[in-house]
Amino acid sequence: MSFKRKVNRFRGIVMHSLTKHIGRSAFDKESFKSSNEAIKRVLISRPNSRLGNQLLITPLVQEVSNIFPDCKIDLFVRGNIAPVLFGNNENIGRIIRLPKKPFKELFKYMNVWISLRKYHYDIVINGDQHSSSGRISTQIANARYKFSGDIDDELNVRYKDYKHMAKMPIYNLRKDLTDLGLEVENSQIPYLDINLSATEIQEGKEILQNIVANDKKTICIYTFATADKCYSPSWWKPFYERLKEEYAEKFNILEMLPAENVSQIDFQALSYYSRDLREMAAVIQNTEVFITGDCGVMHLASAAHTPTIGLFSVSNLERYKPYNKGSLGIDTNTTDTDGIVREIDKILSANI
């Protein structure tokens, strides 16, 4: 484990110990019954700057929009990517942003926290029960109803996918609202969604066409991830050779490159590079399947609604795996290349 991850884990343990008693507010059921149609302003708190973690609240945003279609949803986040990710969502109101590096912008960091008190909400929701900052912001925000996102043992038993980061806050919200007397539809959990426009999708198609310059469909791979989630060249190179052996005759194989512009297969494949997240999503949307390790771009592919194979070796598969149509997470400690190829075959066959 890297030193940075050790520091972050230690910080998380300390912050959780300080905030573990911050929990669900007391609710007045009768008051909520008489006012649920007047829910006009909701705050979702997810003060984390990582691409994947912000994309993982897009299902919660959709769920709130479905239940309260006339409300505006504010987001409490960190960093600068939320306006890009949520720019096409008409239900989003304010995006309240903590600086990505708080110690370099301490005055701004403190002012953003203080600003939370000046807004008034009907509901505030903590987007991740493991986030100490999320718990604190939920507690200090001005809101009539506060949902802290704690693990619910009953729901954990009832739903096998309850611990998925995108799904838990939705299951919790449905239960909390039901307890308050609101009839909530127990429908399919929404997928991650970056809300690509038809224009963006068409532009992505044109970019892809300019790269491959043929009419074959495309398999896309992304060989980078952070720290020990990143598979080594000794894993990716044989896997890429197998992809060529199995699919090169009928499919293009495209490598999407990370911001660091590195390749675990030494740039052997056709490649695409961009730092524009929406453009990346639009290009992915025009491919048949996206294969990568557990990383933010894996969630970006899922949010583009492309069948996504997430490769897991160290992180929690059940918590982070992609779940949009055709997608799955694979534990490479127990599944070999033959097993991955069988899953790719299923996806490609379904797309014919």
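**Exercise 1. Arg158 and Glu154**

Task: In this predicted model, find how far apart the closest N and O atoms of Arg158 and Glu154 are, and state how the two residues are placed in helix H8.

Solution: 
- Step 1. Take the closest N and O atoms of Arg158 and Glu154: they are 2.4 Å apart.
- Step 2. Apply the cut-off. A salt bridge needs a Lys or Arg side-chain nitrogen within 4 Å of an Asp or Glu carboxyl oxygen. Arg158 and Glu154 form a salt bridge.
- Step 3. Recall the helix geometry. An α-helix has 3.6 residues a turn, so residues three or four places apart point the same way.
- Step 4. Check the cover. Arg158 is partly exposed at 48% relative accessibility. Glu154 is partly exposed too, at 42%.

**Exercise 2. Arg319 and Asp128**

Solution: 
- Step 1. Find the bridge. Arg319 forms a salt bridge with Asp128, with 3.0 Å between the closest N and O atoms.
- Step 2. Apply the cut-off: buried means under 20% relative accessible area.

**Exercise 3. Glu318 and Lys321**

Task: State how far apart the closest N and O atoms of Glu318 and Lys321 are.

Solution: 
- Step 1. The salt bridge between Glu318 and Lys321 has its closest N and O atoms 3.2 Å apart.
- Step 2. Glu318 is partly exposed at 43% relative accessibility. Lys321 is partly exposed at 27%.
- Step 3. Elsewhere, salt bridges that share partners join Arg41, Asp74 and Arg94 into one network.

**Exercise 4. Gln264**

Task: Identify the backbone oxygen that the side chain of Gln264 reaches.

Solution: 
- Step 1. Locate Gln264: the loop between strand S7 (251-257) and strand S8 (270-273).
- Step 2. Gln264 has a relative accessible area of 14%, so Gln264 is buried.
- Step 3. The Gln264 side chain reaches the backbone oxygen of Tyr231 at 2.7 Å.
- Step 4. List contacts beyond four places in sequence. Gln264 touches, among others, Cys230, Tyr231, Ser232, Pro233 and Trp236.

**Exercise 5. Val297 and the core**

Task: Name the residues with the most contacts inside the largest nonpolar core.

Solution: 
- Step 1. The largest nonpolar core has 66 residues; Val64, Leu75, Met256 and Val297 have the most contacts inside it.
- Step 2. Helix H12 (residues 277-285) gives the most to this core, with 6 residues.
- Step 3. Apart from this core lies another, of 23 residues, among them Trp236 and Ile344.
- Step 4. Val297 is one of the buried residues of H13. In helix H13 (residues 296-303), 7 of 8 residues are buried.

**Exercise 6. A surface patch**

Task: State how much accessible area Phe103, Leu106, Met110 and Ile114 have together.

Solution: 
- Step 1. These four residues form a nonpolar surface patch of about 490 Å² accessible area.
- Step 2. Leu106 is in helix H6 (residues 106-115), and Ile114 is in H6.
- Step 3. Leu106 is partly exposed at 46% relative accessibility. Ile114 is exposed at 57%.

Notes. Residues are numbered from 1 along each chain as its sequence is written. This is a predicted model: local features need pLDDT of at least 70, side-chain atom pairs count only at pLDDT 80 or more; totals for chains, interfaces and linings use all residues. Side-chain values use heavy atoms; hydrogens and water are left out. Patches are made of residues with over 30% relative accessible area and no salt bridge: like charges are joined within 9 Å, nonpolar side chains (Val, Leu, Ile, Met, Phe, Trp, Tyr) within 5 Å. Accessible areas come from the Shrake-Rupley method with a 1.4 Å probe; for residues, only the protein chains shown count as cover. Helices (H or I, at least four residues) and strands (E, at least two) are DSSP runs, numbered from the N terminus. Buried means under 20% relative accessible area, exposed over 50%, partly exposed in between (1.4 Å probe, protein chains only). A polar contact is a pair of N or O atoms within 3.5 Å; within protein, one must be able to donate a hydrogen and the other to accept it, and residues adjacent in sequence count only if both atoms are side-chain atoms. Contact means heavy atoms within 4.5 Å. A nonpolar core is a set of buried Ala, Val, Leu, Ile, Met, Phe, Trp, Tyr and Cys residues joined through side-chain atoms within 4.5 Å.
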